[in-house]
Amino acid sequence: MKLFLQWQRPLSSRQATIFSILLFVAALLPRLAALGNYITPDELNWVHRSVLFHQALGQGEWVATLTTGHPGVLTTWFGALGIQVQLWLRPTDIAVYDWITHLAWLAPENTAAFPQLATFLSAGRIAVAGVNSLGLLAIFGLARRLAGDWAAAVATGLLALDPFVAGLSGLLHVDGLLTTFTTISLLALAIALTSPKSPHPSASIRVPLLFTAVSGAAAGCAILAKSAGLTLIPFAGLAFVVALLAWRVQWRRSVALGLIWLAAMIAIQFVLLPALWADPAGSYETIISTIFHETEEALPRTFFAGFYKQEHGSVFYPVALLFRLNPIPFAGLLLAALFGLRWKQLPTGWWQLPFLWISLFWPIFFIIVLAQATKKYDRYLLPALPLLYLLGTLGWGQLLRLRPSLTRHVVVGGSAAALVYLLTAVPYLLNAYNPLAGGTLTAKHIMPLGWGEGVSAAAQWLAEQPGVAEKTAVVSIGPAFAPFFPGRTLINVENNRQEADFIVGTLANLQVDHFRYNPCSGPRLVHCIRYDGEIQAWIYANNDPIEPEIVWRAQTVQFGGQIELLAAGTAVQDDQLDIFVQWQLVQPTDGRFNVQIRLLDENDQLWLQLEMPLLNEIYFYPEDWQADEQPIWHYPLELPPGLLPAQYRMELSLFADESGAQLPVVGADGRFAGVVQPIAELDVVPAPLFQTAPLSLQSEPQPLLDNTLLFLGQADLPESILAASNFTVDLYWQGLADLSADLQLQFWANELPLMTLPLSRFDTALWRPGQVIHEKYRVAVPAELAAGPHDLRVDILDGNGRSLSELISLGTMSVVSPDRLFSLPDDIGQPVLLRFGDLISLRGYDLQARTAVTSTLPSTSPGDPIQLTLYWQADRQTVGIFSTFVHFVGPDGQIVVQGDQWPGGLPSNTWAAGQVIIDEYAIQLPDDAPTGSYQIVLGLYKVATGLRLPILAEDGTVLPSDQFVLPLLEVAR
């Protein structure tokens with residue numbers, strides 16, 4: 001009883017100071033446990049963001065200080081602070097800092113960047129751990145006013161020593177900072193809302209305005225730490241409403257405090273987030289869009305309760321809470337619930353104690369909000385824990401009031417249990433699970449385990465082995481492994497394990513496979529990583545790594561005189577096509593470019609397209625490449641399900657990032673070769689598909705040909721289709737039995753037959769029973785087809801053209817018929833008849849220029865405009881895109897002015913047979929153009945390849961160089 005009474009006495013100023021110092025040390029030490037031991041997957045991302053934040057601050061680029069929509073502003077502030085201190089203490093690290101600032105972005109597969117980023121990780125961690133430890137002192141100070149000294153001391157002591165709380169609070173991440181400032185906000189709010197009529201008033205209620213402002217500012221900080229802090233806004237609003245109802249007549253006070261809270265919350269955001277100074281609307285839009293993305297979009301599947309899937313339902317967080325609660329407050333919460341159910345034990349006027357109902361309802365409210373998002377991780381629970389720990393402490397306190405004789409046993413036993421729970425988890429604090437719920441032994445079958453700790457430990461063990469600097473390892477979490485491993489790190493993707501000398505598996509991998517195998521069996525196992533009573537990672541050796549078989553082809557072409565393509569390689573494995581491209585700078589450049597790679601079949605149908613910025617292996621833009629650097633970039637392409645075995649070709653284009661213009665391809669001979677470079681022709685034989693699920697079709701299959709063929713469905717039709725053009729239809733089939741050879745597919749628009757095509761490029765007689773086939777069909781729309789809606793239908797024909805099925809409706813296509821000209825004008829100045837291949841004919845031209853009195857030739861002066869009009873007539877419809885070139889060639893044979901455009905501004909795949917196209921060019925001579933005789937040279941070329949069409953004169957002779965030369969034009973001053 002005496003000991004109990006001593007614990008009830010308030011702490012003196014000296015005792016409070018000593019406790020605060022001890023609390024800070026007790027909090028800081030476990031929060032530094034991760035230093036040098038492991039790296040979690042997200043932390044190096046935050047190092048990168050902190051570097052960008054630091055750079056943006058230094059350069060005054062305020063908008064760029066919002067480096068992510070989380071928004072993670074506090075994390076980048078403290079990360080940048082740690083970086084700056086490290087640069088002061090170790091100036092040589094500025095080279096690493098500059099290297100990081102040149103990264104285009106950070107990707108999981110860019111393992112070369114992780115060791116560089118890890119240089120600044122410890123500095124950022126120390127800064128965050130220090131702030132969270134100081135925040136715990138603020139929580140202690142606030143909790144003293146609400147729950148008393150001893151309850152505040154016990155609760156904050158438990159928070160300081162709790163491995164889950166300490167582990168997350170010592171990382172360069174957002175959850176620890178969010179928790180610290182959320183708890184400060186809620187406790188300050190409880191103080192501000194405590195009614196003067198409360199039976200348990202505190203001295204602090206005389207200054208409610210101050211604590212309201214503190215609560216609002218802390219809430220603003222919590223929101224800047226992580227967007228989940230926005231949940232404080234509706235909760236605080238509800239708290240003010242409840243307080244208003246409890247105070248009844250003091251509504252003005254409640255409204256005033258609410259406005260002060262909101263003002264402080266907004267003001268601190270404008271102080272700490274420089275992006276709001278320059279673009280407040282855009283910054284908030286980025287943050288809000290991130291919230292919606294994480295609420296509505298599902299991440300890759302995760303493990304929970306024996307299942308590996310994307311959505312785990314509302315039960316996830318209650319179960320996670322059960323496993324993540326410290327056993328001491330867990331037992332205290334059970335006691336509090338027991339006493340709370342006995343109404344006699346509740347304090348008089350409890351409804352006027354905001355601390356009680358905020359502590360009770362905040363965790364419930366927060367968990368309900370969290371459950372709405374598809375993205376669920378147990379660490380997201382952290383902001384709910386501090387107030388639960390306070391409630392758990394009060395539960396123990398209520399027990400000691402009833403049984404004060406237990407005080408010594410509870411104090412000694414609880415302290416020992418807290419220390420043992422912490423020490424058994426060091427240094428892998430995040431691997432601690434409530435022993436009252438079964439601990440790790442039970443948690444591994446229910447909760448996702450591991451956040452990079454086992455992977456980091458495996459890397460450190462390998463680093464101690466001889467000769468590993470020349471080895472390659474495959475892992476699932478690159479950021480946790482690469483900074484510790486001196487060799488090359490590969491991210492575990494399909495088919496790359498055979499390339500590595502070592503493969504690292506983890507307990508998380510075993511969970512995904514539902515513990516179906518014994519990871520310690522097999523002759524290749526070389527080492528196991530064990531902690532917390534479990535084997536957490538396995539290291540396997542591959543004694544005979546196999547390099548991928550890459551077929552290389554030399555290219556030696558230049559794009560726009562800036563980038564040279566040296567070679568391209570391809571490798572096909574199962575359902576993946578890997579493209580390897582070797583680049584080199586022709587000359588230094590400050591431009592940025594985008595690469596487009598396309599996979600096309602023999603009918604020029606596009607099956608795959610990949611676009612991404614042009615980078616080297618370490619994700620630097622060309623502006624940061626070395627002059628003699630020849631980087632090789634790997635472009636992986638996942639083959640679409642149902643792709644036919646056939647010959648395909650790969651094409652590559654390069655686009656200027658700012659303008660979007662395609663860079664011209666120049667061959668080794670210096671000649672223009674179009675804007676598309678063919679890089680490979682290859683036979684692709686994907687594994688046959690026998691399942692329809694990968695197609696994600698919504699329609700019901702239609703049986704055909706006496707149930708030997710299923711029509712599975714189709715892709716959406718274009719919204720509108722131009723008459724005299726063509727469009728592509730994607731259809732999906734499944735053969736149920738052996739099919740006849742040479743089956744055909746006939747397309748109809750209402751009752752009008754459009755065209756007949758093979759049912760598949762892969763002969764139907766070769767289809768295997770059950771095989772799913774995806775085929776593309778290019779359908780030509782005749783020029784005479786009336787505008788308006790048409791029912792697009794198909795039926796199946798045999799090799800003799802006999803229909804074998806009923807018509808299948810594919811939907812309604814909307815045909816648009818533009819105005820077309822089919823008659824040549826009567827006033828063409830210079831009629832000609834030149835045929836450009838079998839595609840189009842030039843029927844005449846007009847050349848308007850000032851005519852000099854002293855010359856019989858048309859003439860003009862430098863700086864004067866020249867108007868050239870060409871009159872074309874299409875001979876047939878075409879699929880490809882063609883362009884004219886018009887060169888104004890000076891007396892020295894050099895091109896002075898050049899113009900390239902589609903004839904008449906119309907893409908050639910929209911021409912109708914017989915259509916007349918009027919093509920106008922305005923040629924502006926430069927003011928310094930030399931005088932003399934000029935030639936105008938024109939031709940037609942295929943845009944993709946740059947190949948010119950041959951030109952036949954009316955008498956059948958072929959014009960040299962595939963170009964037409966107009967009569968001379970004189971330029972005189």
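**Terms and their grounds**

Author: Strands E26 and E34 pair in the antiparallel sense over two bridges. This is a predicted model, in which local features need pLDDT of at least 70 and side-chain atom pairs count only at pLDDT 80 or more, while totals for chains, interfaces and linings use all residues. Residues are numbered from 1 along each chain as its sequence is written, and side-chain values use heavy atoms, with hydrogens and water left out.

Reader: Which strands make up the open sheet, and in what order?

Author: The order is E32-E29-E27-E26-E34, with antiparallel pairing. E32 (916-924) and E34 (951-952) each have a single partner strand, so they stand at the edges and one side of each is left without a neighbour in the sheet. E29 (residues 865-874) is joined to E32 by nine bridges, and Leu-870 has Asp-919 of E32 as its bridge partner. Between E26 (residues 830-836) and E27 (residues 840-848) there are five bridges; in their hairpin, with three residues between the strands, Gly-837 takes a positive phi near 60°.

Reader: Why is H3 called roughly perpendicular to H4?

Author: The axes of H3 (residues 43-59) and H4 (residues 73-89), which are lines fitted to C-alpha atoms over the stretch in contact, with angles running from 0 to 180 degrees between N-to-C directions, cross at roughly 80° and come within 8 Å. Angles of 65 to 115 degrees count as roughly perpendicular (under 35 is roughly parallel, over 145 roughly antiparallel, the rest oblique), and therefore H3 is roughly perpendicular to H4. Contact means heavy atoms within 4.5 Å, and the residues making it include Trp-46 and Phe-53 of H3 and Trp-77 and Ile-83 of H4.

Reader: How do you know whether Ala-236 is buried or exposed?

Author: Buried means under 20% relative accessible area, exposed over 50%, and partly exposed in between (1.4 Å probe, protein chains only). Ala-236 has a relative accessible area of 2%, so Ala-236 is buried. This residue is found in helix H12 (residues 232-247), and Ala-236 touches Leu-189 and Trp-261, not counting residues up to four places away in sequence.

Definitions and conventions:
Two strands pair if DSSP finds at least two bridges between them. Helices (H or I, at least four residues) and strands (E, at least two) are DSSP runs, numbered from the N terminus.
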